[in-house]
Amino acid sequence: METARRSTRGSGRRRSGSPLFGQLLTAAVESAATKIAIRFNPTGNPADDRELTYAELDATSSRLARELIERGVGPGDVVAIGITRGVESVVAVWAIAKTGAAYVPVDPTYPTDRIEHLVGDSGATVGVTTSAYRAELGTGVYWIELDDPVQSTRIASRPGHPISYADQVRLLDERHPAYLIYTSGSTGKPKGVVVAHSGLAGVVAAERERYGITEESRVLHVCSPNFDVSVLELLLAFSSGATLIVAPPKVFGGFELADLLRRERVTHMLITPGALESVEPVGLDDLRSVMVIGDRFGPELVSRWAPGREFYNCYGPTEATILVTGTSLTPGEPITIGTPLPGVGAFVLDSRLRPVPAGVIGELYLSGSVLAQGYAGRPGLTAERFVANPFGSGARLYRTGDLVRRVESGDRDRGAIEYLGRTDFQVKIRGIRIELGEIDNALTSHPDIDFATTVGKALPSGATALISYVLARSGVQADTGALAEFIGRSLPAYMIPAAIMVLDEIPLTPIGKLDRAALPELDLTACAFRAPTTPVEEAVAQVYATLLVPAEDGRVGADDDFFELGGNSMLAAQAAARIGAALDVRVPVELLFEATTVGALAARIER
């Protein structure tokens, strides 16, 4: 019976046609067993260095995988990871991949309601965490605490040799889910994108060759586990035998990230434009390749970062396995999202799914094995976004909702593509797509609110501030501060509007629809103006104004608040970097969260 079992699993492996998630992660173990696989230092103090060789990482993850398998976890199942970025989160991903199950990242800093939804909606019955986060994660699943004395002893006692197909609880093939990533949903709840194994190998092979990643490379892991680019960071490093440099959870930009890049001699980095904007490229001699993904940016960023290294612009929705297009950029060239990866079809179509000529704006549709299976438990939404492909029998197209045009002639599914914006009510914050309807639903769930609509306001920095407009129930005086606190119980911090404005009435078009163009302009500098009185206050106010306030909106005063002006955590990193450069001091990003007004921040800097 055991012989037959092994034979069945072997045939399943051959039938997959390409390496599966776990195989991609373990590709370098034998050839690089003694090489450092992971480096992590949460403090910057050499005494706090943590390292795992490939052999150690392989054995540690195999023991955890056997603990999961003992609990019946296998292909087709989902395991939650409730850990912020670190060694444990990487070990957990590798262990779950070895079982054949899919993982779903659950940020333990999210509000309780959101955590409960992610865990319950994903179908996870088991999760991996540590004692630092266990209390935040609820009781919806059985949580394995990696540092619990009893559980850690039991896991450590399990064999550390590699997991075989015979160890797994059922047959694994490329159609099984590899991971679930939750994105914002217009219905008011996040939707889980189910990504199968089938598209991963092609993406990794193409990007590894494009970026020249080898055993000598040192790849940065700075993306949140809730952002699917984090998957590519791990796969590019571990499939090449490179070293993964894990950034502490609170490091995402500014001089802290620059120090990390220098100290760890990072050679390859995937990062959002907002985070990159906050980092000075001076002295980063080891950094050979920078891959920007997740949002639009201007030529200034290329001019700062491209000289002396390779600079790439990459594009891809979560629904199409991380990345689908990319190109290298040099200063002075037009900024495009490049051409499709091998095996990816990219079609620019009109509203009747007909190809449009080069230079004409259309919506981008994607095809190929990279397409996700769809949205977990949402067949209607899946059918709406994944449509029949008129150019291939039995295939599907994913409707991205992105407006693009080809900037050069070519076949209907090839050629350089320029990204122009969205067709719907989505915006991007920190490279993460947000459905504005989810914020609206959170606001209207408050008993005092009858109506809500949210818009994205473009800031001078190129970032987007969220502004919500609400109509209170008749006879009720809405408290905007209480509303912000209310929605903060269900939405993550990056989805909380910079401002909430109470309407007297809803502006309507002649046919009775919301007239968005008639929504009143919100002055983000509405507090009484008090001029900066010291050189430090003037420097801080100037940076706030440059990043957040259009010139026609007036000045920034000493009492203006960074976040009330539309700032967010990524812009805070940029502000800290610019203030530091202006004053020739180091300003930690955390300082902007502790002292948010111009005057308060200036006082802290002066001390």
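Contact here means that heavy atoms lie within 4.5 Å. The structure is a predicted model.

**Confidence**

The average pLDDT of the protein is 87, and 91% of the residues score at least 70. Residues 1–17 have a pLDDT below 50, and this stretch has 21 contacts in the model beyond near neighbours in sequence.

**Helix 16 and its partners**

Helix 16 (residues 535–548) and helix 17 (residues 569–583) have axes that come within 10 Å and cross at roughly 140°. That angle makes helix 16 oblique to helix 17. The crossing in which helix 16 passes helix 17 is right-handed. On the side of helix 16, the residues that meet helix 17 are Val 536, Ala 539, Val 540, Val 543, Tyr 544, Thr 546, Leu 547 and Leu 548. Their counterparts in helix 17 are Leu 571, Gln 574, Ala 575, Arg 578, Ile 579 and Leu 583. By class, the residues of this contact between helix 16 and helix 17 are eleven nonpolar, two polar and one charged.

Helix 16 also packs with helix 19 (residues 598–606), at an angle of about 130° and with the axes 9 Å apart. Helix 16 and helix 19 are therefore oblique to each other, and helix 16 passes helix 19 in a right-handed crossing. Here Val 536, Glu 537, Val 540, Ala 541 and Tyr 544 of helix 16 meet Val 598, Gly 599, Leu 601, Ala 602, Ile 605 and Glu 606 of helix 19. The contact of helix 16 with helix 19 comprises eight nonpolar, one polar and two charged residues.

**Helix 8 and helix 9**

Another packed pair is formed by helix 8 (residues 200–211) and helix 9 (residues 229–238), whose axes are 10 Å apart at an angle of about 65°. Helix 8 and helix 9 are therefore roughly perpendicular to each other. Helix 8 passes helix 9 in a right-handed crossing. Helix 8 contributes Leu 200, Val 203, Val 204, Glu 207, Arg 208 and Tyr 211 to the contact, and helix 9 contributes Leu 232, Leu 235 and Leu 236. These residues of helix 8 and helix 9 divide into seven nonpolar, no polar and two charged.

**Strand pairing**

Strands of a sheet pair through backbone hydrogen bonds, in either a parallel or an antiparallel sense. The table lists pairs of strands in this model.

| Strand | Partner | Sense | Bridges |
|---|---|---|---|
| Strand 13 (residues 310–315) | Strand 14 (residues 325–328) | antiparallel | four |
| Strand 14 | Strand 15 (residues 339–340) | antiparallel | two |
| Strand 25 (residues 464–472) | Strand 26 | parallel | four |

Gly 326 of strand 14 stands opposite Cys 314, and Gly 326 also stands opposite Thr 339 in strand 15. Val 470 stands opposite Val 502 in strand 26.

An open sheet of three strands runs in the order 24-25-26, with mixed pairing. Strand 24 (449–458) and strand 26 (499–502) each have a single partner strand and stand at the edges, so one side of each has no neighbour in the sheet. From one strand to the next, the twist averages 25°.

Which strands does helix 14 (residues 436–444) touch as it packs on the sheet? Helix 14 touches strand 24, strand 25 and strand 26, and its direction makes about 145° with that of strand 24. Helix 15 (residues 480–487) packs on the sheet as well, touching strand 24, strand 25 and strand 26. The direction of helix 15 makes about 130° with that of strand 26.

Notes:
Residues numbered from 1 in each chain as written. Predicted model: local features only at pLDDT ≥ 70, side-chain atom pairs only at ≥ 80, totals over all residues. Heavy atoms only, no water. Axes fitted to C-alpha atoms, helices over the stretch in contact; angles between N-to-C directions. Parallel < 35°, antiparallel > 145°, perpendicular 65-115°, else oblique. Left-handed = near helix turned anticlockwise from the far one by under 90°. Nonpolar A, V, L, I, M, F, W, Y, C, P; charged D, E, K, R; others polar. pLDDT = per-residue confidence, 0-100. Pairing = 2+ DSSP bridges.
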